[in-house]
Amino acid sequence: MVIDMGVWDAFKFAFNVYMLMTTITILVWVMIVIIGRFTKKG
Amino acid sequence: MEQIINVFPGLVSFTQMPMEMAIARIVLIFMGFGMLYFGYKDVLEPLLMIPMGVGVCLVNAGILMMPDLIDPSKQKLGTMFLDSMVQTSDQHINAMQVYFLQPIYALTFSNGLIACMVFLGIGAITELDFFIGNPKLSLMLAIPAELGTFLTFPIAIWMGFNPREAASIATIGGADGPMVLFASLKLAKNLFVPISVVSYLYLSIVYSGYPFLIKALVPKRFRGIAMKEMTITKVSAEEKLAFSIVVGTVLSLLFPVAAPLFVSFFLGVIIRESKVSRYMFFADDIILTGSTLFLGFILGCLLSADVVVEPKMFKLLILGFIALFLSGVGGLLGGYAVCWLSRGKINPLVGIAGVSCVPSTAKVAHKCANEVNEEAFILPFAMGPNIAGVITTAIITACYVTKVQLL
């Protein structure tokens, strides 16, 4: 099924996706910091 | 004379197609030569351009009238390479008896396996030290470098594409070929061929195109920052292994639809860090080399005249350019931000390396810095955002694929 979407709605949708990506990227950073605490340094 | 011409069906086929298609065919044959030549001369990425150029040249030369597999009572213009229009399993089985590339296309392209194999190979050659050693800087630079992936979506909607097609096109901004392939296969199978071809064409031009953008937006005094005060933290294999398995598991848990890509990439990293030499040889020398060769060659074979004369192709060319241009601009803006935050210690060019195209954008950043200041050796610092860019592109692609399917 093809859904119609206005340009403003599309911008809001893409912004949501971008914010979700940013949040998960920050989560990845937090995971790296936590893993770094529990593993030996190189 | 007519009898002599009829001996050569490839020549006759020019008279059996519309004029614009015949012209496009000739242009594409020359374009194939150009791709091969510039790949050979190292102006464009040779690993992709050489097989792709050969494919474009030969597929557009070898067109003949043959039975249509979808409707056997009809005849159509086609090649002996492959038919991307077959859909049912019966048609696939019949096509495999006729077209020599059909088995590879049907079993590795239409299910996204080729993208996963390339990703496995990329994982196996990825050095994570620069990224894990300085994750904050790397990820901070990778986020703005997704600007093209974000803004191309509404632009594509404005140009008349539906959300599924727009999301697939937007992923070109991530500058990661396997991701574009994966997203278009999941969301817009009807546009998979032109989107993938446009994406790989532009990605091969990144190496020669981004230096112009850099020179236009970054003054010489910033380009020459040597980053001598920065150091790279050494990271243990144990930490890289733990990172791969934990982050791979969490991302697969969040986005099961993109799990094949995450699994492939992190399996490649784990193979590298486990130092099992046989697997490393297999993943790098065999899987990555073989899949890159077939990826380039089959994409070239898919770039036939009928794809080029498709009305949406011109729009795709514009959108692909916009996506990569905006991502480059976003990356440089991120670079300026970290340069300012570090009080001029960080070269803003490392920002463009956040556009993931590994390792082309990192090499471009280094080359442009080195041209201005011979002491500027920024490649190791550029590799961090470069790898972070692969991860953010995988995340944003997974977000698009998951959220668009919910619309």
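**Entry 1: chain B overall.** I reminded myself that this is a predicted model. I counted up the elements and got 21 helices and two strands in chain B. Its radius of gyration is 22 Å, close to the 22 Å the globule rule gives for 407 residues, so chain B is as compact as a globular protein of that length. I also checked the box around its C-alpha atoms, which is roughly 75 × 45 × 40 Å along the principal axes. Buried residues come to 56% of the 407. Of the contacts with a separation of 6 or more, 71% join residues 24 or more positions apart.

**Entry 2: two helices.** How do I describe a packed pair? I use the angle between the axes and the distance between them. For helix 9 (residues 135-142) and helix 21 (residues 379-406) of chain B, the axes come within 8 Å and cross at roughly 60 degrees. The crossing is right-handed. Among the residues making the contact are Leu137(B) and Leu141(B) from helix 9 and Ile387(B) and Ala388(B) from helix 21. The contact residues split into seven nonpolar, four polar and no charged.

**Entry 3: Val56(B).** I found Val56(B) in helix 4 (residues 46-61) of chain B. Is Val56(B) buried or exposed? Val56(B) has 30 C-beta neighbours inside 10 Å, so it counts as buried. Leaving aside neighbours within four places in sequence, its contacts include Leu28(B), Met35(B) and Leu303(B). I also looked at Lys240(B), which is 184 residues from Val56(B) in sequence and 41 Å away, C-alpha to C-alpha.

Terms used. Residues are numbered from 1 along each chain as its sequence is written. Chains are lettered from A and ligands numbered from 1 in the order in which they are written. This is a predicted model: local features need pLDDT of at least 70, side-chain atom pairs count only at pLDDT 80 or more; totals for chains, interfaces and linings use all residues. Helices (H or I, at least four residues) and strands (E, at least two) are DSSP runs, numbered from the N terminus. A residue is buried if 20 or more other C-beta atoms lie within 10 Å of its own, exposed if 12 or fewer, and partly exposed in between; C-beta atoms are placed from the backbone. Two residues are in contact if their C-beta atoms, placed from the backbone, lie within 7 Å. The radius of gyration is taken over C-alpha atoms; the globule rule is 2.2 Å times the number of residues to the power 0.38. Axes are lines fitted to C-alpha atoms, for helices over the stretch in contact, and angles run from 0 to 180 degrees between N-to-C directions. A crossing is left-handed if the near helix is turned anticlockwise from the far one by less than a right angle, and right-handed if clockwise. Ala, Val, Leu, Ile, Met, Phe, Trp, Tyr, Cys and Pro count as nonpolar, Asp, Glu, Lys and Arg as charged, and the others, Gly among them, as polar.
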